[in-house]
Amino acid sequence: MFILPDLPFAPDALAPWTSAATLAFHHGKHHAGYVSKLNEAIDGTELEGEALEEIIAASRERNQKVFNLAAQHFNHSFFWNSLVADAQAPSDTILKLIVRDFTSLDAFRDQFNACALAHFGSGWAWLVQDATGKLLVKDTHDAQTPVATDLRPILTLDVWEHAYYLDHQNDRARFIKGFWDHVNWAGAAEQLI
Ligand code: MN
């Protein structure tokens with residue numbers, strides 16, 4: 001049985017970028033809904049009691065409903081952990097890898113912003129690490145997720161409209177820009193291989 005994780009920050013910690021009102025819906029309704037529907041969907045099946053990443057891997061391309069719910073539970077939990085009240089500078093460890101693979105922190109941010117902005121429809125923008133350790137920027141559609149693939153998620157931004165519409169209406173670019181004031185760089189570094 002999966003449980004909705006608490007937000008790792010106070011509900012008003014991200015305001016005005018993301019308001020407590022947005023979080024009340026995004027975490028308290030959307031994410032909570034994925035968790036309760038996932039529990040219902042796997043109740044009494046062979047997937048009940050399995051780890052979330054195993055459920056995602058087992059349902060990918062086999063059971064769209066379970067995959068969507070499990071992947072959205074993972075993606076949202078990962079997203080909350082990608083955020084902090086006040087972003088600190090990235091540590092030397094992750095900065096070195098970013099400079100190696102994108103040439104500079106600004107170049108990485110530009111690439112991530114362009115990816116998040118150009119993504120058509122609902123989805124996610126990610127910093128991921130491939131099996132060789134190389135960092136890449138990537139977007140995924142709907143509930144698609146790098147977890148349980150050969151790409152390791154490091155950082156993510158939810159670009160579904162429910163993530164920003166109350167605070168920014170259709171201005172996704174403004175939402176993306178504000179993300180950098182709340183990036184949990186320490187958490188991102190912990191995800192590195
Ligand atoms: Mn969302």
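This is a predicted model: local features need pLDDT of at least 70, side-chain atom pairs count only at pLDDT 80 or more; totals for chains, interfaces and linings use all residues.
The manganese ion is held by four residues of the chain: His26, His76 and His162 each contribute NE2, and Asp158 contributes OD. The coordinating distances run from 1.9 to 2.1 Å. Along the chain, the donors of the manganese ion are spaced according to the pattern H-x49-H-x81-D-x3-H. Histidine 26 belongs to helix α1, which covers residues 20–42, while aspartate 158 belongs to strand β3, residues 152–158; the pair therefore ties together parts that lie 132 residues apart in sequence. Both members of this pair are shielded in the model. Histidine 26 has a relative accessible area of 2% and is buried, because the cut-off for that class is under 20%. For aspartate 158 the relative accessibility is 0%, and this residue also counts as buried.

The domain assignment divides the protein chain into domain 1, residues 20–81, and domain 2, residues 92–191. Between the C-alpha centres of domain 1 and domain 2 the distance is 20 Å. The contact between the domains involves 20 residues of domain 1 and 22 residues of domain 2. About 1700 Å² is buried between domain 1 and domain 2, and carbon and sulfur atoms account for 64% of this area. Polar contacts, by contrast, are present: eleven residue pairs between domain 1 and domain 2 are counted, with both residues at pLDDT 80 or more. On the side of domain 1 that touches domain 2, at least two residues come from each of α1, α2 (52–59) and α3 (64–81). Helix α3 supplies the largest share of that side, with ten residues.

Helix α3 also contains histidine 73. With a relative accessible area of 5%, histidine 73 is buried, since this value falls under the 20% cut-off. Leaving aside residues up to four places away in sequence, histidine 73 touches Phe2, Ile3, Pro5, His31, Tyr34, Val35, Leu38 and Leu52.

Terms used: Residues are numbered from 1 along each chain as its sequence is written. Side-chain values use heavy atoms; hydrogens and water are left out. Donors are N, O and S atoms within 2.8 Å of the metal (3.2 Å for Na, K and Ca); water is not among the atoms, so sites may look incomplete. Helices (H or I, at least four residues) and strands (E, at least two) are DSSP runs, numbered from the N terminus. Buried means under 20% relative accessible area, exposed over 50%, partly exposed in between (1.4 Å probe, protein chains only). Domain bounds come from an automatic or database domain assignment. Contact means heavy atoms within 4.5 Å. Buried area is the accessible area (1.4 Å probe) that two parts lose on being put together, summed over both. A polar contact is a pair of N or O atoms within 3.5 Å; within protein, one must be able to donate a hydrogen and the other to accept it, and residues adjacent in sequence count only if both atoms are side-chain atoms.
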